[in-house]
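Dear colleague,

Please find the structure below, handed over for your study.

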Amino acid sequence: MDHATGGTRIDRRAFAAVVVTVVLWASAFVSIRVSAEHYAPGALALGRLLIASLALGCVFLLKRGTLPDRRAWPGIAGAGVMWFGLYMVALNWGEQQVDAGTAAMLVNIGPVLIALLSGWLLKEGFPPLLLAGMAVSFAGAAVVGLSMSGGGSSSLAGVVLCLVAAVTYAAGVVAQKPALRYASPMQVTTFGCFVGALACLPFGGQLLADLPGAPLPATLNLVYLGLFPTALAFSTWAYALARTTAGKLGATTYAVPAVVVLISWVALEEVPGWLTLLGGAVCLAGVAVSRLPARRPTAPPAPEQPPGPVAGPTAADEARGTAPSADEQLGVG
């Protein structure tokens, strides 16, 4: 959206940033499945954040970045602890204790919470098309999750952890949005990642214990998670978030389940069933609805102006002797 003019012109760079984010976050689910067998949840989160922090720190130094404005730090710290830190640990841990369908349904509560919290706390309002599109997408995500669950079991602790992941994800996004008023997307992402890595440092011993025994593919996937779905995708997310509302951007993440299905099909040769494909299509349809511009009320017609006073004769008329008489001006016959 073009906020400068109040129009609906698409910001192509922001759109491209959203596409990069969705594709890389979808690929993260495939990489996590490879690494989670050899790295504990906390170790996986810390390793991912350390690699991302190193990459973002190098870019920050090369660009000679500066410290964020002090007014941005509450949002950066909140997003760093809740989203970069707690969310990643809770998601990694929760997915080990519940089946994929339950995890998908619970974690996908996050965008709904983003819309509700941003509408309330950030005064973004509750656009009907956004809410309708999110309802459609959530139904599609639930269908995708159930179709891929394989009839696994779920524990109460796993359900709670997935709910914690959804809540911390939503809270982190809502905290991040105000920070972008006072800091650049690069600053918000870089220092948020630093804060998240610090929050996960208690898992350092676990990471050092898992690293020697992990096979090379699992470690390479860990490196990939740090460089692309974290360092790059969180940067493109912040770039797009600075240019649209949190509610609308959160709704676009419902495209992730559909992209996960495609990536799993290509990379893991997991041929999706018709129900999975249907759920993915419903997700994308909901995203499309949520991104539709709101209809603006048409302006009422301008009231009719009362007739003005009759213009008097001009000097030219008087000179030509064609000026009406006083009786004629008054309409007297």
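**A buried serine and its surroundings**

Ser 118 is buried, with a relative accessible area of 1% (buried means under 20% relative accessible area, exposed over 50%, and partly exposed in between, with a 1.4 Å probe and protein chains only). Please note that this is a predicted model, in which local features need pLDDT of at least 70 and side-chain atom pairs count only at pLDDT 80 or more, while totals for chains, interfaces and linings use all residues. Residues are numbered from 1 along each chain as its sequence is written, and side-chain values use heavy atoms, with hydrogens and water left out.

Ser 118 belongs to helix H5, residues 110-121 (helices, H or I of at least four residues, and strands, E of at least two, are DSSP runs numbered from the N terminus). Apart from neighbours within four places in sequence, Ser 118 is in contact with Lys 123, Glu 124, Val 174, Ala 246 and Gly 247 (contact means heavy atoms within 4.5 Å).

**Two residues with positive phi**

Lys 123, one of those partners of Ser 118, lies in the loop between H5 and helix H6 (128-147). Its phi is near 60 degrees, a positive value in a residue other than glycine. Lys 123 is exposed, at a relative accessible area of 67%.

Arg 64 has a phi near 55 degrees, again positive in a residue other than glycine. Arg 64 sits in the loop between helix H2 (41-62) and helix H3 (73-94), and is exposed, at 75% relative accessible area.

**The salt bridge**

How many salt bridges does the structure hold? There is one (a side-chain nitrogen of Lys or Arg within 4 Å of a carboxyl oxygen of Asp or Glu). It joins the side chains of Asp 69 and Arg 71, at 3.1 Å from N to O. Asp 69 is partly exposed, with a relative accessible area of 27%.

**Helices H8 and H10**

The axes of helix H8 (residues 185-199) and helix H10 (residues 216-241) come within 8 Å and cross at roughly 135 degrees. Axes are lines fitted to C-alpha atoms, for helices over the stretch in contact, and angles run from 0 to 180 degrees between N-to-C directions. H8 and H10 are therefore oblique to each other (under 35 degrees counts as roughly parallel, over 145 as roughly antiparallel, 65 to 115 as roughly perpendicular, and the rest as oblique). From H8, Pro 185, Thr 189 and Cys 193 meet residues of H10 that include Phe 234 and Tyr 239.

Yours sincerely
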